[in-house]
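Subject: A structure for you to look at

Hi there,

Here is the structure I promised to pass on.

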Amino acid sequence: MGRFYYKAKDITGNKSEGYIEATDSAMAFSIVRQRGLYPLNIASVDKIGSKEVFVISGSGDKEISVFCRQFAALLKSGISISKCLGILATQSEKKDLKQAILAVNEDVHSGRSLYDSMSRRKTIFPMELLKMVEAGELSGTLEDSLERMSLYFERRYSMRRKVSTMMIYPILLLCLALAVFIFIVVGVIPSYSAMFENNNVELPGITKALVSLSGFILLNWPIIVGVVLVLIGGFYLYFIKGKGRLEWDRFKLNIPLFKKFNRQNEGSQFARKVSTLLKSGIHLSGALAFTKTAAENRYIKSLLVKLESRVNQGWTLGMALEEMNVFPPMLVNMVQLGEESGNLEDMLEKTADIYDEEAEDSAKRLLAIMEPALIIVIGVLILFAVLSLAMPMADLAGGIS
């Protein structure tokens, strides 16, 4: 049995909260309903020391894409929103998403709009989806909005999966090389060093360097590990979670080998978000305001603040993007053509598709460059270690003969 925290309300609208024991979130939901309450939020609780941590995990792009696609199909079949949610809850395999859908259904039953109900579960439903649901409800095109979001999340998931899959091999290769080198330096060199010393073998410079490195690591490994952990922790706290995040995100856009790929990827995300929002009936100013809020790269977000201001002052989007000078030139050109032809959303969508393909090609080219480079690095490290042992071994064998 696990412990679950819940927030709920009764039929009169009075809210309550507390803890219950249940085997899983579905059982916890049922217990709360049996008490005559309508769950607003249910989360499993893990106790760590004296602190309580509420574990609420968001849903991935793949799950959200399937959810949107199925929801749109059911709505087009003429089924009510409430019945759609009931069906979707039974089909969902992810517990957190299933729990959220059930809670949304209860809110819809009580008279809330779908957007209001879903926005109360922001840890589960992405901001992009919430904005599109709101626009779809207001315009009466909810199923179309859901279809667009299904395609949006599917493409984003596909791109991220391809990139991560391509990067796994070189990362594993580099980790393996470092592990082998450390094993040789720490595990092999000390035993051979003692043998060479006992036989009064004159060590060449390359071997002396490796023996010194081995001795330094063995004597100071707690300090070395501590320094590495402090550096990693400091980098994470300052550059990922702290004030340095803006500069780190800016740096990522200018790394020589990765510059083109990163800018294409950011350009694709911008174009697709704005295009999707415009096609759902949201005006350009609103689409830019949301895209700015949803931007993951803080440097891009800071530039989008100025871009939104320029557009609100009367600038065209093309002029504002040209001043922004961070996305690839083709995006600026396509936006200007779209504004001139009155077909901005379609031009943005085409640009996003092109950038997705180009970003994938760029990732493949990067991998093609990195693989031989890593193999060369590994070869040099192993050659260095082998020579440092082979040369004094040859001298020792010559002395014995």
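Which residues line the largest cavity? They are Glu128, Met132, Met149, Tyr152, Lys273, Thr276, Leu277 and Phe290. Before you go looking for them, please keep in mind that this is a predicted model.

A search of the whole structure turns up 1 cavity of 30 Å³ or more, and the volume of the largest cavity is about 40 Å³. Two or more lining residues come from each of helix 6 (127–139), helix 7 (142–198) and helix 10 (259–279). Helix 10 contributes the most, with 3 residues. Sorted by class, the cavity lining holds 5 nonpolar, 1 polar and 2 charged residues.

Now for the pocket. The largest pocket has a volume of about 780 Å³, and 33 residues line it. If you want to find its centre on screen, look for Phe261, Asn262, Asn265, Glu266 and Gln269, which are the lining residues nearest to that centre.

Which elements give two or more residues to the lining of the largest pocket? Helix 7, helix 9 (245–252), helix 10, helix 11 (284–294), helix 12 (298–312) and helix 15 (344–400) do. Helix 10 provides the largest share of this lining, 9 residues. By class, the pocket lining divides into 15 nonpolar, 7 polar and 11 charged residues.

Enjoy exploring!

Best wishes

How values were computed: Residues numbered from 1 in each chain as written. Predicted model: local features only at pLDDT ≥ 70, side-chain atom pairs only at ≥ 80, totals over all residues. Heavy atoms only, no water. 1 Å grid on protein atoms, 1.4 Å probe; cavity = no way out; pocket = protein on both sides within 12 Å on 5 of 7 lines; lining within 4 Å. Points joined across faces, edges and corners; volume = space filled by probe spheres on them. Helix = DSSP H or I, 4+ residues; strand = E, 2+ residues; numbered from the N terminus. Nonpolar A, V, L, I, M, F, W, Y, C, P; charged D, E, K, R; others polar.
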